[in-house]
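Okay, thanks for coming, everyone.

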Amino acid sequence: MKRTFLLIACLGALTVAACTSDSSLPTPSGKGSIRALNAILASPDIGFLIEERSLGLLGYNQSTTQTRFDDFEYNFNFEVFLPGSLDRDRVATFAHKLEADRNDIFVLTGNPLSPTISVWSTPAREWTETDTVLEIRFAHVIVAEDDIDIYLDEAVTPAVAANKVATLSYGQISEVSDVAEGTYTVTITVAGDIDAVLYQSGNVNLFPRSTQVVAAMAGDENDASPIVINVMSDVSNDRIFPDGSAEQTVRFFHTARALQATDIFDDDMLTNLKFSNLEYGNASGDVAVSNEAETYYYTPTGSTATILHEATNQTPLGRHSNLYVVGPADDYASYAFLPDRASVSVYAKVQFFNAALDTGTVDVYIKVADDPLVDEDRPVIFALRYPSPSPIQALATGSYDIYITLFGEKTLLADPLRLDVVNGEIVDLILLDTDTPGVIEPKVMPAP
């Protein structure tokens, strides 16, 4: 009985350390810190755990916050959730001893279902209130990019690259350098060729009394630049910077049934046409815009005699945004969000936007093709309100039937929609009103 009680106590300890005697746990000599960075392009979200305690969930180009633990050896675990599984699948276990007063970053590369784990480690820094410098390191995890040079310069216009701080191969990280606080630009070139510029940031603010890691990474489908940098800090969350010249876009969706086909302008004089003849249930392609707040003016197709609707939207530098016009006649409104277009290699991503004004809140069921909807089924998307996007649904390659019902009921609002998907695909669907009361149209939108 005594040994059983002791085992339970050991397993329940906050820091999962080995029980070395019948009466005590090891005594730590200090604490080390740990965080993880997901550098696997097209990766699903990966759970990061110390033993069985969650430390966060990592999409591509995301890191967890820096967390301190006693300087013991732990099993660090990594898990993914795959469609069809009831539980997360453990894809890696990495035994690692934390050292007192050191900061470790686990870097995940390779295959998301069997990741390679590397460790970037540096001594923890003690600062005084009078320090005006920071310490900084640079890393290269740009998939499929050869050796690079990295330059760090004070921000000027136009930007110049004069101060090389590192030459790196894939997976490498530079030594620590001290840098004065200030505003800088980061430039990345082919190694040995300053004129072969691969990336140049806009202004990056670096704050004193902090430890910063600037990781150069490949952009994904959410980014308008092929390379981005992730600035990780011990005092703040990730900051992602696209190329300073990256172009941002907006995609216009017409989902207000009472609104006629429209032209869209971005000036109140109605001289600068952004998109022509946008009809109900359709969307534009990606339209280049500034990263300032823009007002868009909707007029009848082919006419500037009247403005039917105005919408204001701001798209962050180097990103893509969706802008929907919704609502009843003479009371149109807009709904904007940043879609997640990043492909995942191990499943398809499906997202719905509920633009069905007449039916309002709905439930969504996704079933294997030809599997009928039955009373025991539970919706995969519960209470999708109008107007709003759903959470993203992960689906394995295959054929499915989509059922849309009234909220809390099994009353079908449309015939089942057959949906065929393959891993890596991104699928956007909109739910539209029709001319028939109580009937909606779920529609797969073409890629922009």
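**A covered strand and some ring pairs**

Let's start with S25, where both faces are covered: His320, Asn322, Tyr324 and Val326 on one side, and Ser321, Leu323 and Val325 on the other, are all buried. By buried I mean under 20% relative accessible area, with exposed being over 50% and partly exposed in between, using a 1.4 Å probe and protein chains only. Strands here are DSSP runs of E, at least two residues long, numbered from the N terminus.

Quick housekeeping: this is a predicted model, so local features need pLDDT of at least 70, side-chain atom pairs count only at pLDDT 80 or more, and totals for chains, interfaces and linings use all residues. Residues are numbered from 1 along each chain as its sequence is written, and side-chain values use heavy atoms, with hydrogens and water left out.

The S25–S26 hairpin has 6 residues between the strands, and Gly327 takes a positive phi near 105 degrees.

Okay, on to the rings. We describe a pair of aromatic rings by the distance of the centres and the angle of the planes. Rings of Phe, Tyr and Trp (its six-membered ring) pair if their centres lie within 6.5 Å; planes under 30 degrees apart are stacked, over 60 edge-to-face, and the rest tilted. The structure has 17 aromatic pairs. Take Phe94 and Phe106: the ring centres are 5.2 Å apart and the planes at 80 degrees, so that's edge-to-face. Phe94 is in S6 (residues 89-97) and Phe106 in S7 (residues 102-111), so the pair ties together parts 12 residues apart in sequence.

Now a stacked pair: Phe337 and Phe353, 6.4 Å centre to centre with 0 degrees between the planes. Phe337 lies in S26 and Phe353 in S27 (residues 348-354), so this pair ties together parts 16 residues apart in sequence. Both Phe337 and Phe353 are buried.

Last one: ring pairs link a cluster whose members include Phe48, Tyr74, Phe94 and Phe106.

Terms used:
Helices (H or I, at least four residues) and strands (E, at least two) are DSSP runs, numbered from the N terminus. Two strands pair if DSSP finds at least two bridges between them.
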